[in-house]
Amino acid sequence: MAERLLVRALKGGKSTKILTLNGKRIKKMPTALGKLTGLKTLDFQNNQITIVCPQLSTLTQLTFLNLGNNLLEEVPEEMKYLTSLKKLHLFGNKISKFASGVCDGLQNLVLLNLNNNRLTWLPEELGRLTSLMYLSLNCNQLTGIPRTICFLKNLTELYLNYNLLSCIPEDIKYLKKLQRLSVARNNIEFLPEEFCDLKKLRLLDVAGNLIQIFPSGEITARFIMNQLKEKNSFITHAIEAYPDIKTKMSQGKKCAICEKSFLTTWLECVQFVRPSKAWKISKNLKLIPLRVLLCSQRCFCHRGPNIFGIA
């Protein structure tokens, strides 16, 4: 069956765009791949491949490659020649290392799936994957997140569940576009305050770690209060175990400009408002001074003309 599919693909020559040979018990990649230089999609999932053939490096138009559930022991050097590759699946292998220079040519890669492998470390060159948006490293043996990952400026989703991580680096703050971070089932004991710089973060999963307390500091307090306001299920559930922190968070104030919660007032102001008809005050009063609080200089700069700071 695999042979027939390959022969059919070879008849198409350079015009063949897709080749799917998953679940065919293939042990060796066919060298005839070198004749299919027009391939866009190549799927060898669920086979018994231990090494890739050198001809793979000729598939420079390839945008999708799936080698999941095979027997590879490293991310092979041939990958660096796949300069058009956008999605690379290598899950479910025995990968414990990256071949030297493998990331050099993968400048267009947006998705990398290395779930269920044997990685104990990640090379610094991973930081060269400047287009990467999705990185999944679940179920490996990683003990740390290399600093270089924190400079993948386009990364929006990062998955590191079921590893051996003990901490999250402070440089996590540089992942400005990160929307989803999942580090469940590790050995993490605390969250760094820099975590609160992740303004676009929408999903955070730290279930099954060793976190005993929330990180201290005003920035973190603001993050927690605003996550509670947005009904973040993890934060809402976790804070129940810490009544002192819950009480402290309940004492938060609301900024008159951005309406976000905070603990420490940045500036006390006076706002002049027109009195409501329901107020029992003199009808001669056209404006009433009210005490309002602001959370930052940014909000002060965006205040309306009727708000004045109190020196």
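What is the volume of the largest pocket? It is about 700 Å³. The structure is a predicted model. The points below cover the pocket, the pairing of some strands, and the nonpolar cores.

**The largest pocket**
- The lining of the largest pocket is made up of 20 residues, and those closest to the pocket's centre are C196, K199, R222, N226 and K260.
- By class, eight of the lining residues are nonpolar, four are polar and eight are charged.
- Two helices, α2 (218-229) and α5 (297-301), each supply at least two residues of this lining.
- The largest share comes from α2, with six residues.

**Strand pairing**
- Strand β14 (residues 267-273) pairs with strand β15 (residues 288-294) in the antiparallel sense, over seven bridges.
- Within this pairing, L267 has L294 in β15 as its bridge partner.
- β14 also pairs with strand β16 (residues 307-309), again in the antiparallel sense, over three bridges.
- Here the bridge partner of C269 is G309 in β16.

**Nonpolar cores**
- In soluble globular proteins, nonpolar side chains tend to be buried together.
- The largest nonpolar core in this model has 60 residues, of which L42, L65 and M79 touch the most other members.
- Apart from neighbours within four places in sequence, L65 is in contact with L42, L56, M79, L82, L85, K87, L88 and H89.
- A second, separate core has 10 residues, among them C255, V292, C295 and I307.

Conventions
Residues numbered from 1 in each chain as written. Predicted model: local features only at pLDDT ≥ 70, side-chain atom pairs only at ≥ 80, totals over all residues. Heavy atoms only, no water. 1 Å grid on protein atoms, 1.4 Å probe; cavity = no way out; pocket = protein on both sides within 12 Å on 5 of 7 lines; lining within 4 Å. Points joined across faces, edges and corners; volume = space filled by probe spheres on them. Helix = DSSP H or I, 4+ residues; strand = E, 2+ residues; numbered from the N terminus. Nonpolar A, V, L, I, M, F, W, Y, C, P; charged D, E, K, R; others polar. Pairing = 2+ DSSP bridges. Core = buried A, V, L, I, M, F, W, Y, C linked by side-chain atoms within 4.5 Å. Buried < 20%, exposed > 50% of the residue type's maximum accessible area, 1.4 Å probe, protein only. Contact = heavy atoms within 4.5 Å.
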